[in-house]
Amino acid sequence: MHLMLVLLGLAALLGTSQSQTGCYGVVNRIDTTGASCETAKPEKLNYCGVAASRMIAERDLRSMDRYKTLIKKVGQKLCVDPAVIAGIISRESHAGKALKNGWGDNGNGFGLMQVDKRSHTPVGEWNGERHLTQGTEILISMIKKIQKKFPRWTKEQQLKGGISAYNAGSGNVRSYERMDIGTTHNDYANDVVARAQYYKQHGY
């Protein structure tokens with residue numbers, strides 16, 4: 001009996017440490033087709049798909065690692081897989097390499113996660129904790145909209161839908177299979193997920 005209680009306590013402890021970043025699903029369980037050729041071509045890759053996403057993520061790894069501690073801190077604080085945040089950062093700003101003075105998208109997107117000033121009021125420094133918190137909170141709000149819209153989807157499907165909605169809004173997500181149609185290059189969630197799976201393997 002005593003042993004059972006100890007094991008239950010241990011299970012609860014393990015459960016809480018796991019759920020600190022897994023409230024919205026596990027990125028490695030999401031199916032993905034990776035980057036479209038439209039996304040791969042400007043990166044000077046002559047192939048597409050998951051391999052292209054992973055190559056782009058690998059190229060961004062050194063820059064991403066500068067923010068690794070911060071990304072993990074924000075992920076744990078908001079219970080979002082840090083690898084997902086890293087995947088979005090890679091796609092949105094190449095971990096900051098694509099930005100000028102912290103801005104991208106013709107001066108409309110702010111910071112590593114490219115918070116759009118037309119829809120939100122950007123806060124903090126472009127590469128700081130407040131910015132990453134704001135970007136991740138926007139992602140969470142999108143995941144919650146998808147949860148309401150598609151309550152029968154699995155957590156992982158809802159997470160993928162939320163990632164797609166981060167780019168094109170929840171209204172653009174009409175079905176699981178076609179959620180990326182209407183996102184930038186029609187591959188946003190699939191590309192981000194494949195990049196996130198790469199970052200997961202590299203300690204995010």
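**Figure 1. Disulfide between Cys 37 and Cys 48 in the predicted model.** A disulfide joins Cys 37 to Cys 48, with an S to S distance of 1.9 Å, in what is a predicted model. The torsion about the S-S bond of Cys 37 and Cys 48 is about 95°, so this disulfide is right-handed. Cys 37 sits in helix α2, whereas Cys 48 belongs to the loop between α2 and α3 (49–65); the two are 11 residues apart.

**Figure 2. Accessibility of Cys 37 and Cys 48.** Cys 37 is partly exposed, its relative accessible area being 45%. Cys 48 also counts as partly exposed, at 30% relative accessibility.

**Figure 3. Disulfide between Cys 23 and Cys 79.** The sulfur atoms of Cys 23 and Cys 79 lie 2.0 Å apart and form a disulfide. The link of Cys 23 and Cys 79 is right-handed, with 80° about the S-S bond. Cys 23 is in the loop between α1 (2–19) and α2 (37–40) and Cys 79 in the loop between α4 (68–78) and α5 (82–93), so the pair ties together parts that are 56 residues apart in sequence.

**Figure 4. Accessibility of Cys 23 and Cys 79.** Cys 23 has a relative accessibility of 32% and counts as partly exposed. Cys 79 has a relative accessible area of 10%; because the cut-off for buried is under 20%, Cys 79 is classed as buried.

**Figure 5. Disulfide pattern of the chain.** The structure holds 2 disulfides. With bonded cysteines counted along the chain, the pattern is 1-4, 2-3. One of the disulfides is formed by Cys 23 and Cys 79, and another joins Cys 37 to Cys 48.

Terms used
Residues numbered from 1 in each chain as written. Predicted model: local features only at pLDDT ≥ 70, side-chain atom pairs only at ≥ 80, totals over all residues. Heavy atoms only, no water. Disulfide = S-S within 2.5 Å. Helix = DSSP H or I, 4+ residues; strand = E, 2+ residues; numbered from the N terminus. Buried < 20%, exposed > 50% of the residue type's maximum accessible area, 1.4 Å probe, protein only.
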